[in-house]
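Work through the exercises below with the sequence and the model in view. Each task is followed by a solution in steps.

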Amino acid sequence: MKVLSLLSAFALAGSAAAWNGQLSAGAYNQGEGGQITQKLNLIDYATGSQYQGWLVGGFNACTNTECDVYFEEFSGGNYQFSTKVWRTNDGCHNIDFLGNEEASVPKF
């Protein structure tokens, strides 16, 4: 519920006015060859759309630099888009929609 409250506050402040939703991340997965990935999910509360992307290295790899994530819709539409994600020292997870709006999501 803290995520919803904080995202609503950002929307009211204007920085995330174009996006009202939730970012969640799955567990770290180690694949063949030792590559670590983390599944990210986005839910857009305005449209009901749901998106999925894979973060190579997980958020632990994105503390000093922004990492690329490509999201694809799996809720019936066919929308895809690229983003940058990173975690700041205060534990906030951030997403840059690269041309849309930027939202900051608290540590989950």
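**Exercise 1.** List the residues in contact with Arg87, leaving aside its neighbours within four places in sequence.

Solution. Contact means heavy atoms within 4.5 Å. With that cut-off, Arg87 is in contact with Tyr28, Phe59, Asn60, Cys62, Thr63, Cys92 and His93. One of these, Asn60, also makes a side-chain to side-chain polar contact with Arg87 at 2.6 Å. A polar contact is a pair of N or O atoms within 3.5 Å; within protein, one must be able to donate a hydrogen and the other to accept it, and residues adjacent in sequence count only if both atoms are side-chain atoms.

The model is predicted: local features need pLDDT of at least 70, side-chain atom pairs count only at pLDDT 80 or more, and totals for chains, interfaces and linings use all residues. Residues are numbered from 1 along each chain as its sequence is written, and side-chain values use heavy atoms, without hydrogens and water.

**Exercise 2.** Find the one salt bridge of the structure.

Solution. The side chains of Asp68 and Lys84 meet at 2.6 Å, N to O. Asp68 is exposed at 54%, and Lys84 is partly exposed at 23%.

Note on methods:
A salt bridge is a side-chain nitrogen of Lys or Arg within 4 Å of a carboxyl oxygen of Asp or Glu. Buried means under 20% relative accessible area, exposed over 50%, partly exposed in between (1.4 Å probe, protein chains only).
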